[in-house]
Amino acid sequence: MSAIPSRKLHRGHFAFMRALVQGVDERTAWEKYLRHEGEHTDIRTVRRTIAWIRDAFAAAARREARPGTARLILLDADRFNSTVHATLPSLEEFAAARGLEDFAEAEQIEAYEAAYPQGGNASPNRSRRRRVIEKQLEALRWLEELAAQDPKPGDGVGAWFSPAIAGRLERAGIPTLFALAERVNGLGARWWFHVRGIGAGKAARLVDWLKANEQVLGMPIGKHALMARRLTAHSVLAEAVPRGTSLVPFEKLVVPAELDGRAGRYRAPQAQCLLMASNDYEAIGAWINAKGQAGAGDVLSATQRAYRKEAERLILWATLERMKPMSSLSVEDAIAYREFLAAPPAEWCGHRHHQRWSPLWRPLEGPISAGGQRHALTILKSLYDFLISQGYLTGNPFAAVAKPRQLSRPLGSNRTLSMQQWDHLDRLLDEMSTTEPARRLRRAIRLIYATGLRLDEVTRVSVDELYALSTDAEQGSPGQSWMLAVTGKGERTRDVPVPQFIIDDLQDELERNGYERNIKAMSNAGVKLLARFDPKLPAPAPWAASSLYKAIVNFVQVAAKGMEGPDAERLKHATTHWLRHSHASHALQGRAGRPPVPIQVIQNNLGHASVGTTSGYLTTEREERVRAMRGFWGVNL
C-alpha cells in the first residue's frame, strides 16, 4: 500500500488565516481562499481544516526552533477582548459600509485603523488583543516565506485537497494534479460524471483551483472545460488540441517538410499525376473526399470516417515511428506496420469514447485483432491503388503483404443478446422516465432492434425517407404499413419495414412538441426519426451517432445490474451493434408462436450484398445439423 502523501501548505492557507486574524468572518474567508476544500456550510470540514492549518503552522515554527512563534500561532486573540465585536464592526462589515469590498485587505485595514484610531472603547485587553494580532500577522508573513509551497504537476492530489476529496479522486484513477488537469481538459465540463462522490459543485471548485494555479502548474485549463458541451462553439473545441507533429487526429497533424512526401521514393512524375496534391497529406485528403457524396458538405460519411481512420494511423506511424514519408514506404515497412497493429505501444492507445477534439484522443484502443488487421490492410491497399491510378505513386507496398488468417465465425457470435436479455431490456424501456431524452432513447433502441439499421444509418434517416404502403391485413381487409428508404454502405439503397409502434411514438413526439401529428406534413420535412426536441433550439436537431452510442452503452450497463450470472456479465459489454446482430439472429430463429423470418428479408434489412453473409446468423440451422448427426452416430460414439 502506498503511503498517504502529507498535505502541503500553499499561499491560500496563509491568506485565509490572515483574514481570520483580521476579523473577516469564516464564511467569507473560506469562499475566497479555500472553497475547493468543500462547502462553507459544512462546519465540521471548516473547523477541521482550520485546526489542521494552525497545527501545520505551529509544526513548521517548531521545526525552526521557534517555540514561542508556535504558541503564538495557536493563540486565540479574541480571548483578550470578548466585547470587541459588540462595540466595533468587523473588517468585513466596515468594508461593506464604506464601499471598500474590492480594495486590498491592507487598504481596508488602513482605512479601518484611520476610522477607529483608539479602537473605540479602548481597554488594556483591547490593546493587548491588537498587539497579539500584529505579532500573529508578522509570524504568518515569516511562516509563509518559510513553508508556503507552489503545486507541481506530479504532486499527489492528497497533498493539496482534503482527504475526503483526494480519496474520491484517487479511487477514480486521478492520483496527481497532472492527471486531474488531463481529465478536465480531456473530458470537458462534465469530467466529474464518473467520479463517485464528486458532483457539479465540488467539480467546479476543483477547476477554479486549477485555474488559479495554472501558471504555476504550467497546465492551462481550456475554455471548453468551463462550459456545457451544448454551449461550446466548435471553434472553442478546436482549440483544445493545437496542431502539431504528435499523436493528434489527421486534421491537426503537421507533417515536417522532410517527411511530407514531396520527394517520396515511390512518387510518380508530377506531370503524370491527376491530383492537385503536392504531398502525402493532401493526397490522403483527396482519397477521402473521393469516397464522399456530392453536396454532403464537411460532414464525412461512415465510409469516409472508416477510411480516414486507417490512413490516419498509417501516416502517424510513418511520421512518428518510421520517420519516413508515406510515399517512401516499402514492402518491409508495410509488414512492420502489420506487426505494429498487432502490438501497438501503450502511448498510442486510449479509450474509444474520447472524441477527436480531446487531448485524450488516441488513434488506437489496443492491439488489433486478426480480423481488424485484415480490414486495415484491405483499406490501405485500396488507398495505394487509388494513388497509383491517379498517377501519384508507382507501386503499392501493401499488395504484397499477407493478411492474417481469421477463423470463420458466425456473424455476431458472442455479440448477440439472448432472448431473455432483450426481454429484460424491453421491460426496462417501459419503466423509463417520461422525459424527452428517455423517450428518444426508448425509440432508438426499439427502432434498431426492429429494423437492424446501423448506428450511422439510424441517426441519419428522417421522415422524408418514410413512405406508407397499402397492404392486406391478416384478416383480409386493406391496411397500411410503413417503409423506410435507407442508403447504406457502398451507397446502396434498400427499403426496410418499420413497425407501427415506432410511427405512433414519433407522431406522439411531434404533437407533444407543437408539430403536426401527420408525419408526412410539409412542416415536418427534414425531421430525423431520432430528432432532439429541445425548446431552446429553433428546430428539432439530429442526434449525433456518438451520443446515441454512449446513451445505449450507459443504458445496458445499468440494465446489467438487474440481472445475475453470465447473462449480466455479457450484457455489460453490449453496444449498439449487438442490437443489429440480435435483430438478425432473433428474426431468423423465430420466437414462440411466431414463425422465423425468411433470410432474404433479413438480408435486405441489414443491407448485405450477399445472402451468404446473412446466413452466418443461422445458428439454429447448425444446431439442428448437430442433433441430426448425433442420431446417426448413436449413443456409443
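**Close-up views of a predicted model**

**Figure 1. Overview of the chain.** The chain folds into 27 helices and 3 strands (DSSP runs numbered from the N terminus: helices are H or I of at least four residues, strands E of at least two). This is a predicted model: local features need pLDDT of at least 70, side-chain atom pairs count only at pLDDT 80 or more, and totals for chains, interfaces and linings use all residues. Residues are numbered from 1 along each chain as its sequence is written, and side-chain values use heavy atoms, leaving out hydrogens and water. Of the 637 residues in the chain, 45% are buried (under 20% relative accessible area, 1.4 Å probe, protein chains only; exposed is over 50%, partly exposed in between).

**Figure 2. The surroundings of L417.** L417 sits in the loop between α17 (370-389) and α18 (419-430). L417 counts as buried because its relative accessibility is 3%. Leaving aside residues up to four places away in sequence, L417 touches W422, L425, L571, A574, W578, L579, S582 and H586 (contact: heavy atoms within 4.5 Å). S582 lies 165 residues from L417 in sequence, yet their C-alpha atoms are 5.6 Å apart.

**Figure 3. The largest nonpolar core.** This core has 49 residues, and L441 and L548 touch the most other members (a nonpolar core is a set of buried Ala, Val, Leu, Ile, Met, Phe, Trp, Tyr and Cys residues joined through side-chain atoms within 4.5 Å). Helix α22 (residues 545-560) supplies the largest share, 9 residues. Beyond residues up to four places away in sequence, L441 touches M432, W543, L548, A551, I552 and F555.

**Figure 4. A second core.** This separate core holds 43 residues, including W317, L341, W361 and Y384.
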